[in-house]
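Biologist: Could you take me through one part of this model up close? I'd like the open space first, and then whatever else you can tell me about the surroundings.

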Amino acid sequence: MARTEAQLIDSARALFLEKGYVATTLAEVARRAGLAPRTVYVRFATKATLFRRVVDRALVGDAEPIDVAHRARTKDAMSAPTLAARIEALADVSVGIASRAGTLFGVAAQAEGLEPELAETFQAGRRATAELCQTLCDTAATDGLMSARLDPVQLATVTDLLICADTTVSLRRTQNWSASTYRALIIDTLDALTRQQARSRA
C-alpha cells in the first residue's frame, strides 16, 4: 500500500510540475502511475488533498510521519551550543526544503488562489515558519547565546523573510542561485544582522 501511494505521489508531482495545478487531473495521475483511476480517488478523494500530500512529502523528503519542526537538523537549530551553529542548522533545513519543494511552491501559489482548503493550509504553513523562527531566536536568547542588545523579534522577522516559501518562489523566478549560494545568503545575512545590532546597541 505504501508503494502504491508513493507511485501516485511521484506521478502527481511530475504532472503538477509539467502542467500546473489546474490542468492536472486525478485520472491523469492514475494513468501516469499505471493504476486504475479508482485507486487515486479512494486514496485522496480530491486533487487538493493529493497536492497537499505531494507538498508535505517534499517538505520533509520522505514518507516518515515526522514534520519539519521535529526533524533532527531542526532540533539542532534549537539546541546547538553556539548561535552560529544554530543559524547554520536552520540554513541547512531551509536549503533542503527549497531544493526538494521549491519548484512546487510556484504551483502552490496557483493552487491556493483556487482552493480555499489549500489557501488555509499554506497560510498555516507560513505561520508555522514564522513561529519556528521566533522560537529559535527566543530559545537562543534564553540560552544566553544572544547579546542582550539583540532584538529577538526583529531577528525572527528577518529570519522568516529569508527562509519562507514566498522568498523561495521569488528567488527561483529572479535568480539562478545554487543551494550553496542560498545557504550562504541565510548565514551571512543573519550573522551580519546579529553583529550590527550588537554594535548599534552598545
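Biologist: How many residues line the largest pocket, and which of them lie nearest its centre?

Modeller: Quick caveat: this is a predicted model, so local features need pLDDT of at least 70 and side-chain atom pairs count only at pLDDT 80 or more, while totals for chains, interfaces and linings use all residues. Residues are numbered from 1 along each chain as its sequence is written, and side-chain values use heavy atoms, with hydrogens and water left out.

Now your pocket (an open set of 1 Å grid points where a 1.4 Å probe fits, with protein on both sides within 12 Å along at least five of seven lines). The largest pocket has 37 lining residues (an atom within 4 Å of a point), and Leu59, Val68, Gly125, Arg126 and Thr129 are the ones nearest its centre. Its volume, the space filled by probe spheres set on the points, comes to about 900 Å³. Two or more lining residues come from each of H4, helix H6 (83-112), helix H7 (116-142) and helix H9 (165-174); helices here are DSSP runs (H or I) of at least four residues.

Among the residues lining the second largest pocket are Val95, Ser99, Arg172, Trp177 and Tyr182. That lining divides into 6 nonpolar, 5 polar and 1 charged.

Back to H4, this time for its rings. There are 4 aromatic pairs in the model (ring centres within 6.5 Å; planes over 60 degrees apart count as edge-to-face). Phe16 belongs to helix H1 (residues 2-23) and Phe51 to helix H4 (residues 47-60), which puts the partners 35 residues apart. Both Phe16 and Phe51 are buried (under 20% relative accessible area). Phe51 also pairs with Tyr21: centres 5.5 Å apart and planes at 75°, so this one is edge-to-face too. Tyr21 is in H1 and Phe51 in H4, so the pair ties together parts 30 residues apart in sequence. Tyr21 is buried at 2% relative accessibility, and Phe51 has a relative accessible area of 0%. Ring pairs join Phe16, Tyr21, Phe51 and Phe122 in a cluster.

Note on methods. Phe/Tyr/Trp six-rings, centres within 6.5 Å; stacked < 30°, edge-to-face > 60°. Buried < 20%, exposed > 50% of the residue type's maximum accessible area, 1.4 Å probe, protein only. Nonpolar A, V, L, I, M, F, W, Y, C, P; charged D, E, K, R; others polar.
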